[in-house]
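Q: Can we walk through this model together? I'd like to start with the pockets.

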Amino acid sequence: MSDDLWAKVAPIIEADMPPKGVGRPPVDRRRVLNGIIFRLRTSCQWNHLPAVFGSDSTVHRYFQRWSRNGVFERVWSCLVESCPQLAAVRWEWQAADVAMGKARMGGEAVGPNPTDRGKKG
């Protein structure tokens, strides 16, 4: 994460921290956020995060806390406000293209696996 981006996000992240002296000792939250971003971009398992991001359980614990407390929504809102390229986005309607996604639990609507050519179903 660049220094400019961290300067915008840090006040939001820091505002969600418990009072000093309460709970576990603080960790480098920029490193934790980088770990969360890495995990979301790669879809790796939490316990396969590279050690450079710190303890995987710590990164996951912060992810859960920030998700529960709405930190990511506030970060997103801050970044959207500061991005002039997004001025033309029509926010009242959004869609996601999942054409390349798997048909999870497709049931009978999903055909046989093409790699199992000689097998039934």
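A: Pocket term to begin with: on a 1 Å grid over the protein atoms alone, a pocket is an open set of points with protein on both sides within 12 Å along at least five of seven lines, and lining residues have an atom within 4 Å of a point. This is a predicted model, where local features need pLDDT of at least 70, side-chain atom pairs count only at pLDDT 80 or more, and totals for chains, interfaces and linings use all residues. Residues are numbered from 1 along each chain as its sequence is written, and side-chain values use heavy atoms, with hydrogens and water left out.

Q: Which residues lie nearest the centre of the largest pocket?
A: Met 17, Arg 24, Pro 25, Pro 26 and Tyr 62. The lining has 23 residues.

Q: Which elements give two or more residues to that lining?
A: Helix H2 (29-42) and helix H3 (56-68). Helices here are DSSP runs (H or I, at least four residues), numbered from the N terminus. H3 gives the largest share, five residues.

Q: And what's the volume of the largest pocket?
A: About 510 Å³. Volume is the space filled by probe spheres set on the points, with grid points joined across faces, edges and corners.

Q: How do the residues of its lining divide?
A: Into 11 nonpolar, five polar and seven charged. Ala, Val, Leu, Ile, Met, Phe, Trp, Tyr, Cys and Pro count as nonpolar, Asp, Glu, Lys and Arg as charged, and the others, Gly among them, as polar.

Q: What about the second largest pocket?
A: Its volume is about 260 Å³. The lining divides into 11 nonpolar, no polar and no charged residues. Among them are Leu 5, Ile 36 and Trp 76. Helix H1 (3-15), H2 and helix H4 (71-81) each give two or more residues.

Q: Switching to packing. At what angle do H1 and H4 cross?
A: Roughly 145°, with the axes coming within 10 Å. Axes are lines fitted to C-alpha atoms over the stretch in contact, and angles run from 0 to 180 degrees between N-to-C directions.

Q: Which residues make the contact?
A: Leu 5, Lys 8, Val 9, Ile 12 and Ile 13 of H1, and Val 71, Arg 74, Val 75, Cys 78 and Leu 79 of H4. Contact means heavy atoms within 4.5 Å. By class, that is eight nonpolar, no polar and two charged residues.

Q: Last topic: how many aromatic pairs?
A: Five in the whole structure. Rings of Phe, Tyr and Trp (its six-membered ring) pair if their centres lie within 6.5 Å; planes under 30 degrees apart count as stacked, over 60 as edge-to-face and the rest as tilted.

Q: Why is the pair of Phe 38 and Phe 53 tilted?
A: Their planes are at 40°, so the pair is tilted, with ring centres 5.3 Å apart.

Technical notes
On a 1 Å grid over the protein atoms alone, a cavity is a set of points where a 1.4 Å probe fits but cannot get out, and a pocket is an open set with protein on both sides within 12 Å along at least five of seven lines; lining residues have an atom within 4 Å of a point.
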